[in-house]
Amino acid sequence: MTSFAKLGLNATLQSNIKVLGYKKPTYIQEKSIGAVLSGTDTYAIAPTGTGKTASYLLPILQELTQSDHSDDQVRPIRALFLVPTRELALQVEESIAQYGKGLKLRTISIFGGVRIESQVKRFKRGTDIIVATPKRLIDLMKNETISLNDIKYFVMDEADRLVSMGIHQELRAILAAIPKNSQKVLFSATDSKALNKFNEENLSRVKVVKGGSIQPALDKILHTMYRCFREDKNQHLLSLLNMLNSDRTLIFARTKRDVDFLTQLLNDNGYASTGIHNEIPQKKRTERLEGFKNGEFKLLVATDIVSRGIDINGLYYVINFDLPVNSNDYIHRVGRTARTKTSKLETKKAMATKAKNQALSKEVAAKNKPVMYPVPEEEVGIKVSDIHGHVYSLVSHEQERLVPLITKAVGKDIKLEPTPWKIER
Ligand code: AMP
């Protein structure tokens, strides 16, 4: 396998990624770093959690250092990273700070939910890079805080989401504002018709890079679907959490109301929980995600705004309180587990879970209750040491029609099972 040095990255970048513990490039990094460095428009389909952020950041940071603007009175904005959510904007900004340490590049991230005036002020001295969500970017273009005339690199991360957000006009305005000869790079975990059409219209001489098989990380994830009645779901969720006994679980719910309700329910039941949806002020959203990442909260209940690109170290369990209507969203949700950096950790955890499960099932069997745990290897066709994440879905009868679509997207059969516990009525 190629090294980062062989891919042509400079010494500072190499040393920064070494500090982060990256020993060699991931498959998608190996394929796309060279493509981006060669200067062509690039469309990369990279499964979530396989290191795609570094795939575009490393070559672009390197390119940006080729000319030094650190003494300019107002720095020209040369790179624009467009992302669908505020959380992702902050995460990309953080990755730039880590990968680009010592490179003298300035980054500003802009997104809604915080006062526009404070963002305007930050642009006085200019910046080399902006990380932005589309709507706030448009606002700042309109009030002439930002000019995109000097953009050399334009990246759309989670591009399939960006083109399906119903913001065609905004995307058109952004593309019209950047120079025609700028390099355009699109990263997406899922391919889509809308995206292909977008590429045909907006990219030229595009190099397509595919991250190996469609979703390799999916091979490492166990999927369990429980059939249940809608009105019993709250109780099922509590039973499931009791069974998992985990110190870090992400729970997806469909509506903001469900997020608020479930967060309260879980706190009332003794779980340190918090919730995220798009009506919660940005400052709180950031604090809550941070609180979940650092262990202050054991449970995070969220809508799909957290399903894209968010990297949570050591996350093993994801619960779908409801199935997402769009099967691509299922892929993104489950992609919060089985992430590149956490693999080893997860393997250990999977082993520990297995040992715990065996002890637990013995105990349960002894009490003549149904055995809840574990999932036998031979049944799921994955060696326990290869499992890096486990996703549970509570499927009410109304949602059963979504199961075949999800099964197709995941690429393996997922059976609907009865819950291994009984509900008290
Ligand atoms: P991403 O797909 O960009 O969200 O990255 C998923 C996780 O993999 C993040 O925690 C990265 O820090 C980590 N990562 C990215 N590239 C590598 C690499 N070459 N070696 C080890 N970990 C990596």
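Which residues lie nearest the centre of the second largest pocket? I looked there before anything else. They are Pro84, Thr85, Arg161, Met165 and Ile305, out of 28 lining residues.

**Ground rules.** I am working on a predicted model, in which local features need pLDDT of at least 70, side-chain atom pairs count only at pLDDT 80 or more, and totals for chains, interfaces and linings use all residues. Residues are numbered from 1 along each chain as its sequence is written, and side-chain values use heavy atoms, with hydrogens and water left out.

**Second largest pocket.** I noted a volume of about 660 Å³. A pocket is an open set of points on a 1 Å grid over the protein atoms alone, with protein on both sides within 12 Å along at least five of seven lines; lining residues have an atom within 4 Å of a point. Volume is the space filled by probe spheres set on the points, which are joined across faces, edges and corners. Helix 6 (134–142), helix 7 (159–163) and helix 13 (327–334) each give the lining at least two residues. Helix 6 has the largest share, with four. Helices here are DSSP runs (H or I, at least four residues), numbered from the N terminus. By class I have six nonpolar, 10 polar and 12 charged lining residues. Asp, Glu, Lys and Arg count as charged; Ala, Val, Leu, Ile, Met, Phe, Trp, Tyr, Cys and Pro as nonpolar; the others, Gly among them, as polar.

**Cavities.** I looked up cavities next (sets of points where a 1.4 Å probe fits but cannot get out). The count is two of 30 Å³ or more.

**Helix 6 on helix 8.** I went back to helix 6 for its packing. Its axis and that of helix 8 (residues 168–177) come within 10 Å and cross at roughly 50 degrees. Axes are lines fitted to C-alpha atoms over the stretch in contact, with angles from 0 to 180 degrees between N-to-C directions. The two helices are therefore oblique to each other. Oblique is what remains after roughly parallel (under 35 degrees), roughly antiparallel (over 145) and roughly perpendicular (65 to 115). Pro134, Lys135, Leu137, Ile138 and Met141 of helix 6 contact Glu170, Ala173, Ile174 and Ala177 of helix 8. Contact means heavy atoms within 4.5 Å. I get seven nonpolar, no polar and two charged residues.

**Helix 2 on helix 3.** Helix 2 (residues 27–37) packs on helix 3 (residues 52–64) at about 30 degrees, axes 9 Å apart. They are therefore roughly parallel.
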